[in-house]
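Hi there,

Here is the structure I promised to pass on to you. Have a look at it first, and then read my notes below.

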Amino acid sequence: MPELPEVEVSRLGITPHVLDHVVTKVNIHNASMRWPVPDDVYQLQGLKVTSIERRAKYLLLGCERGSVILHLGMSGNLRVVNADEPLKKHDHIEFVLESGKALRLNDARRFGACLWQAPGECHTLLTKLGPEPLTDDFFAERVYEQSRNKKVPVKQFIMDNAVVVGVGNIYANESLFKAGIHPKREAGKVSLKRYQQLVPIIKDTLAAAITQGGTTLKDFAQSDGKPGYFAQQLLVYGRKGEPCVTCKEPLKEIRLGQRSTVFCANCQK
DNA sequence: CGGTCTACCTGAAAGC
DNA sequence: TGCTTTCAGGTAGACC
């Protein structure tokens, strides 16, 4: 998926077209996403979208009757197009707008989700989430305390939604490289000092990726269809065997939790 | 409880 | 060329 920067780029991209605009029609072309898309989503029809928020990698389109919750999974993508444009393969959910535009959720793998939350409710998926990385709620002392006695490798630890939300495989690899921390190091054995280095690096990396329009690997695009440009700044992800930008040693790849993990054995300890 | 692994799904790329 | 295998940005839920 899109990690947090890609979701935030999507939010920023759709906002001018969708916020304060009336949804005239909701079309569910394929309701079998990660969970069945509930009919509640049709409640948005005829109503104005009054808020567009992001929590972790979830987007919430709010109206007076509740909120549509969207998740992009691994391959999801939001596009704003003219409503008369033909549907593309895997365009599963469509919000037709009074303006003549349409917001479409395309997701080849269907790991994404489209759910509903009534006013005042907090969906169970959202209740156990940890702090947002780009807020002051995410700070080194908190991460350090939470990590004590944890044997899990630090890479998997920072990808844990209960620790901090929004850090996926790409940005976990990148952040640990920049912080000089070996991805396999036990989370409980990383010092406070090193978490004080790592936490700001995670924040800076995510913020820079948002500025660049996210990372386009295969199918991610901004809501206007243009790619993100952060891929050009990736230092380790997808660079197995290539020279480390710092020491020129070939980068190594291992698997942690079934996820590709690229690092420099010389620079990361 | 903590830690580990599977499952969900399509499609591109690599392997043979 | 074509068939098979592997891998991909996520993460809830099952399992030990």
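**Helices that cross**

In this predicted model, the axes of helix H5 (residues 169-179) and helix H6 (residues 192-211) come within 9 Å and cross at roughly 130°. That angle makes H5 oblique to H6, and the crossing in which H5 passes H6 is right-handed.

Which residues make this contact? From H5 come Tyr171, Glu174, Ser175, Leu176, Lys178 and Ala179, and they meet Gln197, Leu198, Ile201, Ile202, Thr205, Leu206 and Ala209 in H6. Sorted by class, the contact of H5 with H6 has eight nonpolar, three polar and two charged residues.

H6 has another crossing to look at, with helix H3 (residues 140-147): the axes of H3 and H6 come within 8 Å and cross at roughly 130°. H3 and H6 are therefore oblique to each other, and H3 passes H6 in a right-handed crossing. On the H3 side, the contact is made by Ala140, Glu141, Val143, Tyr144 and Ser147, while H6 brings Leu192, Tyr195, Gln196 and Val199. By class, the contact of H3 with H6 has six nonpolar, two polar and one charged residues.

His90 is not a glycine, and yet its phi is positive, at about 75°. Look for His90 in the loop between strand E5 (76-82) and strand E6 (91-97). His90 is partly exposed, because its relative accessible area is 29%.

Gln258 is not a glycine either, and it has a positive phi of about 65°. You will find Gln258 in the loop between strand E9 (252-256) and strand E10 (259-263). Is Gln258 buried or exposed? Its relative accessibility is 67%, so Gln258 counts as exposed.

**An annotated stretch**

An unreviewed UniProt entry carries the annotation "domain: FPG-type" for residues 235-269.

Enjoy exploring, and write back with any questions!

Best wishes

How values were computed: Residues numbered from 1 in each chain as written. Chains lettered and ligands numbered in written order. Predicted model: local features only at pLDDT ≥ 70, side-chain atom pairs only at ≥ 80, totals over all residues. Heavy atoms only, no water. Helix = DSSP H or I, 4+ residues; strand = E, 2+ residues; numbered from the N terminus. Buried < 20%, exposed > 50% of the residue type's maximum accessible area, 1.4 Å probe, protein only. UniProt positions renumbered as here; feature names shortened; annotations may be inferred. Axes fitted to C-alpha atoms, helices over the stretch in contact; angles between N-to-C directions. Parallel < 35°, antiparallel > 145°, perpendicular 65-115°, else oblique. Left-handed = near helix turned anticlockwise from the far one by under 90°. Contact = heavy atoms within 4.5 Å. Nonpolar A, V, L, I, M, F, W, Y, C, P; charged D, E, K, R; others polar.
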